[in-house]
Amino acid sequence: MAWMGNQTFISHFVLLGLFTHTPLHLFLLSIIMLMFLVTLSGNGLMILLINMDSRLHNPMYFFLSWLSLMDLMFISTIVPRMAVEFLLGQGSISFTGCGLQIVFFLTLLGDECFLLAFMAYDRYVAISNPLKYSVVMSCSVYWLMVGGSWHFGLIDGLIQAVFTLRFPYCGSQEIDHFFCVVPAVLKLACADTSVNETMIYVCCVLMLLLLSVISASYLQILVVVLRMRSAKGRQTFATCSSHMAVVSFFYGAAMITYMWPQTYQSSKQNKMVSAFYTMITPVLNPLIYSLRNKKVAGVLRKLLGSCPCGSGQG
């Protein structure tokens with residue numbers, strides 16, 4: 001609970017949401033729910049395929065399975081609650097619930113930032129130094145990378161949640177957003193939030209450093225691929241280009257939300273950017289990173305072929 005003024009306290013916030021109750025917005029919500037189901041099925045299928053077939057038991061697919069799990073959790077932190085609030089016509093969220101949503105959201109956001117950087121490094125080693133790949137990317141190394149992603153993401157989420165909710169909140173209890181995002185919550189604080197805002201910028205600088213690692217890795221891959229002059233080289237280039245597109249969407253939208261001065265953003269723009277990287281990117285990841293992959297497609301065909309419902313009638 002947070003104190004409001006000198007005598008009373010607030011026990012909840014009110015999320016204004018992404019949509020109003022109009023036929024058009026009901027249609028848009030239906031599309032978002034369809035995307036949510038596609039995300040669950042696509043990422044869930046990826047986790048299943050990677051774990052069931054020994055051909056996919058290597059670091060690249062290991063990272064992809066964790067990315068799929070993160071995307072499942074990421075979108076599940078936001079969309080179900082948003083849909084329920086829309087259908088019930090109320091956006092009340094408890095002070096504790098808001099804090100937990102901040103922790104889960106920022107933990108998963110940080111996890112994905114670090115994991116994307118590690119995945120780019122993994123591809124760099126595999127393509128640039130294939131003979132040393134098994135030595136550099138040993139089992140202990142890629143488990144350490146995944147563990148580090150969760151560790152640093154959790155630290156970021158806990159620190160920002162604690163520092164955000166320690167402020168006194170007065171006046172309006174309405175958060176002009178569809179989930180508890182730190183910049184929108186801080187607008188309601190009746191105290192100086194400059195320290196928190198500086199901390200957010202520091203976290204974003206770390207994101208930029210991770211993005212530079214990703215960019216450098218793919219740039220080195222591009223240099224190697226351009227020397228190949230083969231069909232395999234062109235295929236690798238196309239795959240890496242798709243990867244970089246997803247990374248750019250994810251990092252770009254996240255940094256606009258957290259680094260761009262709030263005075264230059266309308267609440268509507270902020271919501272749309274947030275919707276992009278919380279809902280659209282998790283849908284794209286299994287399509288671009290995995291389902292276009294020939295090995296994954298082969299395992300999927302094998303699975304469908306072994307399904308009794310997929311066999312022909314004798």
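Ile93 is buried, with a relative accessible area of 2%; buried means under 20% relative accessible area, exposed over 50%, and partly exposed in between, with a 1.4 Å probe and protein chains only. The place of Ile93 is in strand β4. Helices (H or I, at least four residues) and strands (E, at least two) are DSSP runs, numbered from the N terminus. The model is predicted: local features need pLDDT of at least 70 and side-chain atom pairs count only at pLDDT 80 or more, while totals for chains, interfaces and linings use all residues. Residues are numbered from 1 along each chain as its sequence is written, and side-chain values use heavy atoms, with hydrogens and water left out.

Which residues does Ile93 touch, leaving aside its neighbours within four places in sequence? Ile93 is in contact (heavy atoms within 4.5 Å) with His12, Phe13, Leu15, Arg81, Cys98, Gln101 and Cys180. One of these, Leu15, is 78 residues away from Ile93 in sequence, yet the two C-alpha atoms are 7.1 Å apart. Phe13 stands opposite Ile93 across the strand pairing.

That pairing belongs to an open sheet of 3 strands in the order β4-β3-β5, with mixed pairing. The edge strands, each pairing on one side only, are β4 (92-94) and β5 (174-175). Two strands pair if DSSP finds at least two bridges between them. β3 and β4 are antiparallel and share 3 bridges, whereas β3 (residues 12-15) and β5 run parallel and are joined by 2 bridges. On the β5 side, Leu15 stands opposite Ile175. Strands of a sheet pair through backbone hydrogen bonds, either parallel or antiparallel.

Helix α3 packs on this sheet and touches β3, β4 and β5. The direction of α3 makes about 85° with that of β4; axes are lines fitted to C-alpha atoms, for helices over the stretch in contact, and angles run from 0 to 180 degrees between N-to-C directions. In a regular strand the side chains alternate between the two faces of the sheet. In β3, Phe13 and Leu15 make up the covered face, and His12 and Val14 the uncovered one.

The largest nonpolar core has 88 residues, and Phe13, Tyr169, Tyr251 and Tyr258 touch the most other members. A nonpolar core is a set of buried Ala, Val, Leu, Ile, Met, Phe, Trp, Tyr and Cys residues joined through side-chain atoms within 4.5 Å. Helix α3 (residues 95-128) gives the largest share of this core, 18 residues. Apart from neighbours within four places in sequence, Tyr251 is in contact with Cys113, Leu116, Met207, Leu210, Leu211 and Ile214.

Tyr201 is partly exposed, at a relative accessible area of 36%.

How many aromatic pairs does the structure hold? There are 17; rings of Phe, Tyr and Trp (its six-membered ring) pair if their centres lie within 6.5 Å, and planes under 30 degrees apart count as stacked, over 60 as edge-to-face and the rest as tilted. Phe62 and Tyr142 form a tilted pair, 4.7 Å centre to centre with 50° between the planes. This pair links distant parts of the chain, 80 residues apart: Phe62 is in helix α2 (residues 59-88) and Tyr142 in helix α5 (residues 139-165). Phe62 is buried, at 14% relative accessible area, and Tyr142 counts as buried at 14% relative accessibility.

Tyr142 also pairs with Phe63, edge-to-face, at 6.5 Å centre to centre and 80° between the planes. Phe63 lies in α2 and Tyr142 in α5, so the pair ties together parts that are 79 residues apart in sequence. Phe62, Phe63, Trp66, Tyr142, Trp143 and Trp150 form one aromatic cluster.

Across the protein, the secondary structure comes to 10 helices and 5 strands. Of the 314 residues, 46% count as buried. Among contacts between residues at least 6 apart in sequence, 79% join residues at least 24 apart.
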